[in-house]
Structure formats: structure tokens, C-alpha cells
Amino acid sequence: MHGKPARDVLYQLLFALHDDVSWLSWLNVLRYTSTRILAATLTALVLSLILYPWFIRTLQKIQLGQVVRDDGPKSHFSKRGTPTMGGSLILFCLIIPTVLWSDMSNGFVLLATAVTAGCGVIGFVDDALKIRKKHSGGLPGKMKLLLQFLIAGAAVWYLFSPLSGLMPEAIRFRLAMPFTDFYEHFFVLPEWMYLVFATLVVVGFSNAVNLTDGLDGLAIGPVCMSAATFLVLTYAAGTLIAGFDIARYLNIPHIPGVGELAIYCGAMCGAGIGFLWYNTFPASVFMGDVGSLPLGAGIGFLAVASKNEFTLVVVGGIFVLEAVSVIVQVVSFKLTGKRVFKMAPIHHHFELKGWSEPKVVVRFWIISFMLALIGLATLKLR
């Protein structure tokens, strides 16, 4: 950011004071994205840690308890009644720091926030119906998917539309594989095909995170690691340091403005870690669909906006594995009448094999951490 910003949100108001008040000249650091990433992460984390005890008590008071599927592992029956819809506070602690510390005139930030909030509403309605019906089925699956596609499709269309001016025309519909030079090894899809593909990435990842959210802390750990990885990827793709083009040096696409999404990523990390304090085994609160659907959609959007659609398969490998395990199980049972896994998603398979819940969660975290490192390695191994 260069020059004197308009005084619209907190960081801009504070930044303006560096000229107006002599002893506040140090506020000049707020012009740097890196400073605001730290501020957003810390704000989200502190908000989470402070608000969750009150929030959990409120959920208990109004009896918003978890509904457990009857065909799930028997060990999960004890989870009935645990407060759910905790993801609504994750969204609050994600969106508020994003608004406070990022440039809200930035189209990438506006779209990421809109996708997150929109999928959050879908998840909220789904959770509310489950609690009202006292059954694990909420919104009809087709209705849920339709709403997700409408939100993701609208966001993707605007992101790549010439009207928005967000995506450079030269790379708009270009796809490249991880570990390859984006400018030398790529292929271009027809516009309609790319828009469908990008929408599928957002919706698919939204539902993949939703499927993973079945054990205490299982989903939020990899969400934080994925967000941290995309923090680096978006920062590298959209930030110039003293005129130095990081993206061109790393042979990744330079997308002006996308670096501001790193602040959104930082807020997601902070909100997620704060939630994990109360969601770790044995969980005091569950996120519900109101948390998993928008977090997954947000990460999917980050991948599309930074042109890392295929890198997402690596970084979010745990979520991909969970989704694929469900697809394989359903297809196998319909075609052969046999199940590949003891139960899907695959984390239940390991539970039924005798692994304790914390062991499954921590081992999945370790795998997610390894995949995040591989994802970051794509920046240099090109």
C-alpha cells in the first residue's frame, strides 16, 4: 500500500495517525501487509480465547446439542448433547479481524469474505434443521449443493470477469501443475470449462472439510495448516517488496492485490487455533456445518484466486483423502455390494480398527503438516 490511505477501517484510521501525531509515527508499520497479517492472526486468536467460554455456556443454556448419526461408531454416542454450531463463532473471529486489518476495497478480500459468509449461512440452516428435527439429516443434499454452487459460481464468475479487473488477462484461464514453471509449462482451458472447474474446486473442498469434521479437532488442525500454507502462497503471489517481484522470482503467477488475502489466511489460523483450545479431545464444543462448510469454501477460493488449484490437492491432502474414501465406499457398495473400508469417511475406518480417537487425530495432523511442507516446496522446486 502506498500513499495516505482513506480512513475507512481500523488499520487505516491508525495508519493515518502516524502523520497526525508525532509520537505515533511507529504506526507507519501498518502499511506493510506482514504487520497486518500478524495483527489479524493475534486479534482472531484473542477473540476466540475470550469469547468461547461464554459462547459454550450460551449454547448449553439454549440446548444446542450435537446430533449423532445412529449408524456411526458406538464410541460417538457419548458425544450426544455436546454444544454444536461453534463454527459460527469461528466465522465471527475470522471475518471481524479481516475487516479490521485488511483493505476492504480489495476485491479478493471481499469475495473471500462473501463466500465464507454465504456458505456459513447454508451451514447454519443445515445445523439448525438437524437440531430441530433431532436427526443427523439437515438440509436436503441436493438443495445444499445447489446453494453452494450458486454462491461459489457467482464468486468465481466475478473473480475472472473482465468487469472486476482482478485477474490478469494473460493468466486468467491458465492452469499449471505443481513443481512446474507457471510461465513455461501450462495449459489453457476454454472459459466455460475453467469457470466450472474453479467452482467445483470451491464446492468440492467445502464438502471435503465437512466430511472430515467427524472427530474432536480432526478438521480444524488441517484447516489451520492449509490456511498457513496459503498465507505464504498468496503473499508471494501478490506482494512486491521494494519493487522486487517475489512471484516472478519464484516462477509463480503475479496477481496484483491477491497478497491482501494473506490477512484473511492469518485470521483463519488465529480463529482456528482459538477454537481448537476448546475442540481438542474431549471436545467442549463442535464446529458443525456452520464452520466446516465455509472454512472449506474459503480455502478452495484461496486456491482458485492464487492459481494454486492443483497445489490444493497436495496441501489439503487429508481432506481429499476423506472425500475420496466416501466416493470409493459408495461406488464399491453399489457396484459390488462390498465395502472397501469398515466405515467411511476413512477416519472412522481407523477408529473401528482399534485406534483411539486422539491417535487418529494427531496422526492425521502429522500427515497434514507434511503435506503443507510439500505444498510450500512447490515455490522453490520449479
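Student: Let's start with Glu-260 and Arg-36: buried or exposed?

Tutor: Both Glu-260 and Arg-36 are buried in this predicted model.

Student: What makes the contact of Glu-260 with Arg-36 a salt bridge?

Tutor: Set the distance against the cut-off: the closest N and O atoms are 2.5 Å apart. The limit between a side-chain nitrogen of Lys or Arg and a carboxyl oxygen of Asp or Glu is 4 Å, so Glu-260 and Arg-36 qualify as a salt bridge.

Student: How many salt bridges does the structure hold?

Tutor: The count is five. One of them joins the side chains of Lys-130 and Asp-126, at 3.5 Å from N to O. That distance is also within 4 Å, so the name applies here too.

Student: Why are Lys-130 and Asp-126 separated by about one helical turn?

Tutor: Because they are four residues apart in helix H4 (residues 107–133), the separation of Lys-130 and Asp-126 is about one turn of the helix. Both residues are buried.

Student: And what links Lys-144 with Asp-289?

Tutor: Lys-144 and Asp-289 form a salt bridge, with the closest N and O atoms 3.4 Å apart. This pair connects distant parts of the chain, 145 residues apart: Lys-144 is in helix H5, and Asp-289 is in helix H10 (residues 289–305). Lys-144 and Asp-289 are both buried.

Student: Which residues are linked in a network of salt bridges?

Tutor: Asp-126, Lys-130, Lys-144 and Asp-289 make up such a network.

Student: Which residues in H5 meet which residues in H6?

Tutor: From H5, the contact includes Leu-145, Phe-149, Ala-152, Val-156 and Trp-157. Their counterparts in H6 include Tyr-194, Leu-195, Ala-198, Val-202 and Val-203. The contact of H5 with H6 is made up of twelve nonpolar residues, five polar and no charged.

Student: How do you know that Leu-89 is buried?

Tutor: Leu-89 has a relative accessible area of 5%. The cut-off is under 20%, so Leu-89 is buried. This residue lies in helix H3 (residues 87–101). Setting aside its neighbours within four places in sequence, Leu-89 contacts Leu-51, Tyr-52 and Phe-55. Leu-89 and Leu-47 are 42 residues apart in sequence, with their C-alpha atoms 9.3 Å apart in space.

Student: Why does Lys-307 count as buried?

Tutor: Its relative accessibility is 6%, which is under 20%, so Lys-307 counts as buried. Lys-307 is located in the loop between H10 and helix H11 (309–315).

Student: What is phi of Lys-307?

Tutor: Phi of Lys-307 is near 60°, a positive value in a residue other than glycine. Asn-251, too, has a positive phi near 60°; Asn-251 is in the loop between H8 and H9.

Student: How do you know that His-348 is buried?

Tutor: At 5% relative accessible area, His-348 is under the 20% cut-off, so it is buried. His-348 is part of helix H13 (residues 346–352). Its C-alpha atom is 9.0 Å from that of Val-360, twelve residues away along the chain.

Student: Where are cis peptide bonds found, such as the one from Ala-344 to Pro-345?

Tutor: The bond from Ala-344 to Pro-345 has omega near 0°, and Pro-345 is in the loop between helix H12 (317–336) and H13. Another cis bond joins Phe-281 and Pro-282, with omega about -10°. Pro-282 is in the loop between H9 and H10.

Student: How many helices and strands does the protein have?

Tutor: There are 14 helices and four strands. Of the 382 residues in the protein, 53% are buried.

Technical notes. Residues are numbered from 1 along each chain as its sequence is written. This is a predicted model: local features need pLDDT of at least 70, side-chain atom pairs count only at pLDDT 80 or more; totals for chains, interfaces and linings use all residues. Side-chain values use heavy atoms; hydrogens and water are left out. Contact means heavy atoms within 4.5 Å. Helices (H or I, at least four residues) and strands (E, at least two) are DSSP runs, numbered from the N terminus. Ala, Val, Leu, Ile, Met, Phe, Trp, Tyr, Cys and Pro count as nonpolar, Asp, Glu, Lys and Arg as charged, and the others, Gly among them, as polar. Buried means under 20% relative accessible area, exposed over 50%, partly exposed in between (1.4 Å probe, protein chains only).
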